[in-house]
Amino acid sequence: MKKTMTVIALFAVLLITVSAHSGRVYEAAEGYKAPAITLCKSDSTLSLADLKGRYVLLTFWASSDAVSRVTAGNYNSFAEKAEEEQFCLVSVNMDCNETLYNEIVRRDNLNAKSQFQVKGEDVSTVKEKYHLENGFNSYLIDPTGQIIATNPSEMTLTQVLGNN
């Protein structure tokens with residue numbers, strides 16, 4: 001009886017350990033599934049789940065953060081050269097002012113199709129899910145939805161996309 005209970009206890013510990021490390025864990029960090037977000041425009045809605053099967057570069061920026069704004073522009077330039085079936089840029093603006101956001105998209109010549117603005121109560125939700133309290137980051141997400149790089153360089157993007 002004691003031997004049976006020991007085997008059952010070991011099996012339970014093993015089961016708990018395996019389930020704790022399953023692919024269902026979501027965290028905004030390399031090696032984890034990307035947290036789900038849905039982005040809306042006046043004419044469309046986009047969910048990260050809609051982009052499974054492609055590499056997605058999810059980048060966050062604001063007009064008040066010069067580094068993130070330049071990064072968004074650089075990623076936009078990269079995305080224009082990338083193969084659309086394999087790669088998708090999702091650029092998320094965190095400005096509260098829609099007029100300012102639209103003007104910067106126009107002035108910086110950003111592709112409006114890949115630009116989204118988060119407003120209202122969604123700002124805090126996105127900031128929390130992607131840990132943006134201390135600054136804006138970008139995440140390269142593989143076709144299965146897992147984050148494989150944070151703030152990837154153009155060389156990293158080229159290497160990842162070139163290997164597929």
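**Figure 1. The loop position of H131 in the predicted model.** H131 lies in the loop between α4 and β6. This is a close-up from a predicted model. The phi angle of H131 is near 50 degrees, a positive value in a residue other than glycine. Its relative accessibility is 36%, so H131 counts as partly exposed, the range for that class running between 20% and 50%.

**Figure 2. A loop residue with positive phi, N151.** N151 is placed in the loop between β7 (147-150) and α5 (154-162). Phi of N151 is near 50 degrees, again a positive value in a residue that is not glycine. With a relative accessibility of 41%, N151 counts as partly exposed.

**Figure 3. The largest nonpolar core.** This core has 23 residues, and those with the most contacts inside it are L48, L58, F60, V90 and Y130. Two or more residues of the core are given by each of the elements β3 (55-61), β4 (87-93), α4 (121-129) and β6 (138-141). Another core, of twelve residues, lies apart from the largest one. Among the residues of that other core are Y55, L57, L89 and L161.

**Figure 4. Surroundings of L58.** L58 is one of the residues with the most contacts inside the largest nonpolar core. Which residues does L58 contact, leaving aside its neighbours within four places in sequence? The contacts are I37, L48, V90, V92, Y130, N137, S138, Y139 and I141. L48, V90 and Y130, which are in this set of contacts, are also listed with L58 among the residues with the most contacts inside the core.

Figure 5. A search of the whole structure finds five aromatic pairs. In one of them, the ring centres of F78 and F87 are 5.5 Å apart and the planes stand at 85 degrees, so the pair is edge-to-face; the cut-off for that class is over 60 degrees. F78 is buried, its relative accessible area being 9%. F87 also counts as buried, at 3% relative accessibility. The rings of Y130 and Y139 have centres 5.3 Å apart and planes at 50 degrees, so this pair is tilted. Y130 is buried, with a relative accessible area of 0%, and Y139 counts as buried at 2% relative accessibility. Ring pairs link F60, Y130 and Y139 into a cluster. Both F60 and Y130 are listed among the residues with the most contacts inside the largest nonpolar core.

**Figure 6. The largest pocket.** The volume of the largest pocket is about 440 Å³. The lining has 19 residues, and the closest to the pocket centre are C88, L89, N111, K113 and S114. L89 is also among the residues of the core of twelve. At least two lining residues come from each of β2 (45-47), α2 (66-81) and β4. Which element supplies the largest share of the lining of the largest pocket? That share, four residues, comes from β4. By class, the lining divides into eight nonpolar, five polar and six charged residues.

**Figure 7. The second largest pocket.** The second largest pocket has a volume of about 230 Å³. Its lining is formed by C40, K41, S42, E98, Y101, N102, V105, A112, Q115, F116, Q117 and K119. Two or more lining residues are given by each of α3 (98-107) and β5 (115-117). The largest share of this lining, four residues, comes from α3. Five of the lining residues are nonpolar, four are polar and three are charged.

**Figure 8. Q115 in strand β5.** Q115 has its place in strand β5 and belongs to the lining of the second largest pocket. Is Q115 buried or exposed? Its relative accessibility is 1%, so Q115 counts as buried, the cut-off being under 20%. Leaving aside neighbours within four places in sequence, Q115 is in contact with K41, W61, N76, S91, Y101, V105 and L110. Of these contacts, K41, Y101 and V105 also line the second largest pocket. The C-alpha atoms of Q115 and V92 are separated by 6.0 Å, the two residues being 23 residues apart along the chain. V92 is also one of the contacts of L58.

Notes
Residues are numbered from 1 along each chain as its sequence is written. This is a predicted model: local features need pLDDT of at least 70, side-chain atom pairs count only at pLDDT 80 or more; totals for chains, interfaces and linings use all residues. Side-chain values use heavy atoms; hydrogens and water are left out. A nonpolar core is a set of buried Ala, Val, Leu, Ile, Met, Phe, Trp, Tyr and Cys residues joined through side-chain atoms within 4.5 Å. Buried means under 20% relative accessible area, exposed over 50%, partly exposed in between (1.4 Å probe, protein chains only). Contact means heavy atoms within 4.5 Å. On a 1 Å grid over the protein atoms alone, a cavity is a set of points where a 1.4 Å probe fits but cannot get out, and a pocket is an open set with protein on both sides within 12 Å along at least five of seven lines; lining residues have an atom within 4 Å of a point. Grid points are joined across faces, edges and corners, and a volume is the space filled by probe spheres set on the points. Ala, Val, Leu, Ile, Met, Phe, Trp, Tyr, Cys and Pro count as nonpolar, Asp, Glu, Lys and Arg as charged, and the others, Gly among them, as polar. Rings of Phe, Tyr and Trp (its six-membered ring) pair if their centres lie within 6.5 Å; planes under 30 degrees apart count as stacked, over 60 as edge-to-face and the rest as tilted.
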